[in-house]
Amino acid sequence: MPNDPLNAFVPYGRTEVAGAPDGPLAGLRFAVKDLFHIASLPTGAGNPDWLRTHEVPRETAPAVQRLLDAGARVAGKTLTDELAWSLAGENAHYGTPENPKAPGRIPGGSSSGSAAAVAGGAVDFAIGTDTGGSIRLPASYCGLYGIRPTHGAVPLDGSVPLAPSFDTVGWFAWEAALLRRVGAVLLPPTQVPTFRRLLVAEDAFAIAGEAVRSALAPAVERLRGRFGAADAVTLALEGLDQWRPVFQTLQAAEAWAAHGAWITATKPTFGPGVRDRFAAAATLDPALARAAAQTREGIRRRMDDLLGTDGLIVLPSAPGIAPLRGSSGAAVDAERGRALAILCPAGLAGLPQLSIPAARLQGCPLGLSLIGPRGSDSALLAIAEDLFA
């Protein structure tokens, strides 16, 4: 579309929406992932058939409205992977947003357009969604601050779901102070806990490998200096590769429950990866989903026990730097699997996770993540601003 060199915004109109004349976010411009409804603007969810078969919304999603009421202005709606079911950011219908911080590489999905818009300076901040990592991974790939909040902390009403027990509203910003300002508007007021224990997730670092560990070591040492010590922990005693299929099974079951009837009736055209995932979801054995739900409860208890009320887990945000655009399907799937193994603990447990642009590797951004106890979102935003601003 015109005036969109980043290919970040949806091609069916970059419409601006004015916010309140004053407020804590007055003067700031933000982008909205095209899963959120804005009154009188279409919601396309990354797929032309979805756009064609759904009415233009009459109401604005509460999360978007809060930001407008705080004085921020919508600069436009941004590209998303189809129905948010991807981590790559390569949309078969609308193309791939640019990654301004790693040219020639993917921005990460499914909040790809939102991440690109912030990284390229088109907006001050942007909102997206994170189900399996679609805030945290693009934040790492694009050199941004990004937070997936505690599940349910920010209302998802007025948005297109993927897997409701995992879906969260997240946001990106180019600096920690701004990420925190946005959080003050979106998050509910809670008592801010004090982190006293730093826990280094050795199994997550092992998946990422030695090059990532070395690149992130200075940032981990900065945290260690704050806490005075750090304990090495293993998140998944049975292996994070055993947690990943638990997430994938539950996500598939919920995605088909949310969209199966529409897919069966409409027969939409999906890109290869999304098409394959929905096809598999259509034949998923419900017994597998029930077993995964039981396993998830154990994972949730494990993460809660590790964190207690004062723990802070540190781990890589991604298994590496952003892959090259147009990589083979096999390479994309392999990287997706490694990424989900690192990203799934917070999602399975419903915990907040914040990604910090902590390092560069081969000239590309690399994020470090912090996971806190349930409801510690504001404390995560504060420690990011204090230590990494």
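Guide: Before we start, domain bounds here come from an automatic or database domain assignment. Keep in mind too that this is a predicted model.

Visitor: Thanks! So which domains is the protein divided into?

Guide: There is domain 1, covering 29–186, and domain 2, made of 197–243 + 286–388.

Visitor: And how many Å separate their centres?

Guide: Taken over C-alpha atoms, the centres of domain 1 and domain 2 are 21 Å apart. Domain 1 puts 38 residues into the contact, and domain 2 puts in 43 residues.

Visitor: What about the inside? How many residues are in the largest nonpolar core?

Guide: That core has 100 residues. Val 64, Phe 125, Trp 171 and Leu 223 have the most contacts inside it. Helix α11 supplies the largest share of this core, with 9 residues.

Visitor: Which domains does this core draw on?

Guide: Domain 1 and domain 2 each give at least three residues to this core. There is also a second, separate core of 18 residues, with Ala 8, Ala 31, Ala 75 and Ala 139 among them. As background, nonpolar side chains tend to be buried together in soluble globular proteins.

Visitor: Back to α11, then. At what angle does it pack with α8?

Guide: Helix α8 (residues 240–266) and helix α11 (residues 329–349) meet at about 75 degrees, and their axes are 8 Å apart. That angle makes α8 roughly perpendicular to α11.

Visitor: Which residues make that contact?

Guide: On the α8 side they include Leu 240, Trp 243, Arg 244 and Phe 247. On the α11 side, Arg 336, Leu 340, Cys 344 and Leu 348 are among them. By class, the contact of α8 with α11 has 9 nonpolar, 3 polar and 4 charged residues.

Visitor: How do α10 and α11 cross?

Guide: Their axes come within 8 Å and cross at roughly 95 degrees. Helices α10 and α11 are therefore roughly perpendicular to each other. Arg 296, Ile 299, Arg 300 and Met 303 of α10 touch Pro 345, Gly 347, Leu 348 and Ala 349 of α11. The residues of this contact divide into 5 nonpolar, 1 polar and 2 charged.

Visitor: Switching to loops. Where is Ala 163, and is it buried or exposed?

Guide: Ala 163 sits in the loop between β4 (145–148) and β5 (168–173). Its relative accessible area is 0%, so Ala 163 is buried.

Visitor: What is it in contact with?

Guide: Leaving aside neighbours within four places in sequence, Ala 163 is in contact with Thr 131, Gln 251 and Glu 254.

Visitor: And Asp 310, why does that one count as buried?

Guide: Asp 310 has 17% relative accessibility, and the cut-off for buried is under 20%, so Asp 310 counts as buried. Asp 310 is placed in the loop between α10 (286–307) and β8 (311–316).

Visitor: How far is its C-alpha atom from that of Arg 197?

Guide: The two C-alpha atoms are separated by 6.3 Å, although Asp 310 and Arg 197 are 113 residues apart along the chain. Beyond neighbours within four places in sequence, Asp 310 is in contact with Thr 194, Phe 195, Arg 196, Arg 197 and Pro 373.

Visitor: Last one: where does Thr 96 lie?

Guide: Thr 96 is in the loop between β2 (73–78) and α3 (112–119). With a relative accessible area of 11%, Thr 96 is buried. Setting aside neighbours within four places in sequence, its contacts are Asn 7, Gly 89, Glu 90, Asn 91, Pro 107 and Arg 325.

Key:
Residues numbered from 1 in each chain as written. Predicted model: local features only at pLDDT ≥ 70, side-chain atom pairs only at ≥ 80, totals over all residues. Heavy atoms only, no water. Axes fitted to C-alpha atoms, helices over the stretch in contact; angles between N-to-C directions. Helix = DSSP H or I, 4+ residues; strand = E, 2+ residues; numbered from the N terminus. Parallel < 35°, antiparallel > 145°, perpendicular 65-115°, else oblique. Contact = heavy atoms within 4.5 Å. Nonpolar A, V, L, I, M, F, W, Y, C, P; charged D, E, K, R; others polar. Buried < 20%, exposed > 50% of the residue type's maximum accessible area, 1.4 Å probe, protein only. Core = buried A, V, L, I, M, F, W, Y, C linked by side-chain atoms within 4.5 Å.
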